[in-house]
Each structure stands twice: as C-alpha cells, then as structure tokens.
Amino acid sequence: MAVYTQVSETELNSFLQGYGLSSHYQLQGLMGGTENTTYRISYEDQSESYILTLFEQGDHSDLGYFVSLLTQLKASGMDTVAAPIADKSDQYLHTLSDKPALLFPCLSGSHPENPGIEQAKQLGNWLGQMHVTAQQFDLHKPNNRSIGWMKSVAPDLLPLLDEMDQQLMQLEISHFTDLLEECPDLPEGILHGDLFRDNTFYEGDTLTGVIDFYNGCNGHLLYDLAVVLNDWSCQDGSEPDLELQAALLENYESVRPLTDTERHALPGFLRACSLRYWISRLLAKHLAEEEGHAHGYKDPEHYKLILLNRIKQAGW
C-alpha cells in the first residue's frame, strides 16, 4: 500500500455519495506498498471503515477477473475474503483521478510478523478451501510468472550476476522445466498468487481476512501452496521451520489432499517459487538502481537463501 495519486475532495465526495456514505470522514493515505494508491476512509459515527484502492500499474483489463473472483468467493461463504463493495447502482469498479478504483471493507486484526503453529493451521485450511471452492468458477487468467516468464527474463539478468549465481539460476530454470515435463498432469485451478504474511490479518490465532488477489490467476495449485510454505516457514531466509510447514500442509490436505504426483513434485515447486521471487526481486532492484533509487525494493538475497536451503532439503 502507498499513495501515488491525490484524489480531490469534490471527486471523492461524489464517489462516496454513490455508496450512500456521507462527506464527514477522515482520509488517511496508507504507506508501505509499491504498486497502488491506498487510502483509509473512517467515520466517527459509524463502526465501519473502508479501504479505497486506486490502481496505478498493470493491465487494468484484469480487474474484472479480480472483482469476479473476490465476489464469487465471498458469495460462496468465504467470509474472510476482502471482496470489493458495490455502490447503490450495483457497480464495483469506478474511476477516480483517471485511475480505476475499488472500495473495500477495512479488516480487523494485523499481519502476523512471526506466525505460530495455530496461525499456520488456519491459513493452510483457508488455502485448501479457496482452491476447492474456486474450482466451480468459470474464470480464466494465465499465470504470467511461471516457467515461460522465468526463461524470458533470465537473459537480461544473467550478465548482472556473478558466475555462481548465473549457474544457480540456469540450473534451477532447467530443473523446473524438467519437472513440468515429468509431471504434465498436475491439478490446476484458481490461485491467490501472492499469499504472503502481509496479505493476511489475524486477531490472535484467528484468521480475520485475506487481501491482495491482484496476482490471482489460473495455474498449478501446487504453485500457490509453495508460495505460502516458503514465506511462512522460511521467515528470515533461514532453513525452513519444518514443524510450522508440516502443520500448514496437514491442514491444507485436510480440505484438499495432494495427489501422489503432487507429493513428488512439491520439493521442486518449493525451489521454483523461491526462484520466481529471487528473479522478480532482482528485476525490481536493478530497475530501481537504473532509475537512481537506492531503496524501494525487497532484498533479492532473501529468496536466494530460501532457494539454496530448498535445494539442500530437496529430499524432504
């Protein structure tokens, strides 16, 4: 979340009027993100607060997919999904300051910085439910961060790396390519695509909300699970917390058991998803450096360390 675009008071009041909301509010820009503009809208006389998101980057034609996914998940009983709110004309997507905009409920709780076993269990269960529930939706959007993307961007990155990192990247791309050829029938479906700790909200050990489906797409369900396992069990880039990892996986499988082929492929997907975020963070770092920014990107070394540890534990 961040603030890149200012919204005029007149335009915002008109927007809120369409929801039946008054102009007596407090507006707070929320900092900390890298892609979109985010505001919190609070009312003293109402218990509810709202999150207003203006979309700065990406293919805005994809927003219809996200709105449909979120509203259908919510309608299917997944109450922890932060779905956008429709206005009085039953419209979700609007334009503010020439940017696409959505209004969301403000969730209770906070992001788990150092999640425990019980929190991991709840997330594993939630992800399994999401994968099963979304199987009934007729929505399609390709995963733009899988092996084809890795192969396409690697040639631009390799000259920027030392020899050992070049070899690591090339070997891991080849490893994932071979794995997908070896396992062509892995189950697919709709993914969250970015289920990191800072996209969840908890009150104590209770999961109260899941946000940021903007990397949502269709792809291997194992990809989504691997993203979660890496972020939640390798919190500082060190060796995985196997107890937390096992708890998350066990509760996922209590809803959607893995196939034998998925069990075989999971260690390779843990490596591939580490590689995916190592690559994307390297790209963000070098783009920032080209533009003269010393900050504004996440450390690529974090995911290189996770990748190296996943390689070491490939027999798990």
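Strands β1 (residues 26–29) and β2 pair in the antiparallel sense over four bridges, where pairing requires that DSSP finds at least two bridges between two strands. The model is predicted, so local features need pLDDT of at least 70 and side-chain atom pairs count only at pLDDT 80 or more, whereas totals for chains, interfaces and linings use all residues. Residues are numbered from 1 along each chain as its sequence is written, and side-chain values use heavy atoms, with hydrogens and water left out. Strands (E, at least two residues) and helices (H or I, at least four) are DSSP runs numbered from the N terminus.

Within β2, Ile-41 is the bridge partner of Leu-27. Strand β2 also runs antiparallel to strand β3 (residues 49–54), to which six bridges join it; here Thr-38 stands opposite Thr-53 of β3. Five of the six residues of β2 (residues 37–42) are buried, that is, under 20% relative accessible area with a 1.4 Å probe and protein chains only.

Helix α6 (residues 221–233) comprises 13 residues, and its first and last C-alpha atoms lie 18 Å apart, close to the 18 Å expected at 1.5 Å a residue; the expected span is 1.5 Å times one less than the number of residues. Of its 13 residues, 13 are buried. Helices α6 and α8 (residues 260–290) pack at an angle of about 65°, with axes 8 Å apart; axes are lines fitted to C-alpha atoms over the stretch in contact, and angles run from 0 to 180 degrees between N-to-C directions. Contacts (heavy atoms within 4.5 Å) involve residues including Leu-222 and Val-227 in α6 and Phe-269 and Leu-270 in α8.

Terms used. Buried means under 20% relative accessible area, exposed over 50%, partly exposed in between (1.4 Å probe, protein chains only).
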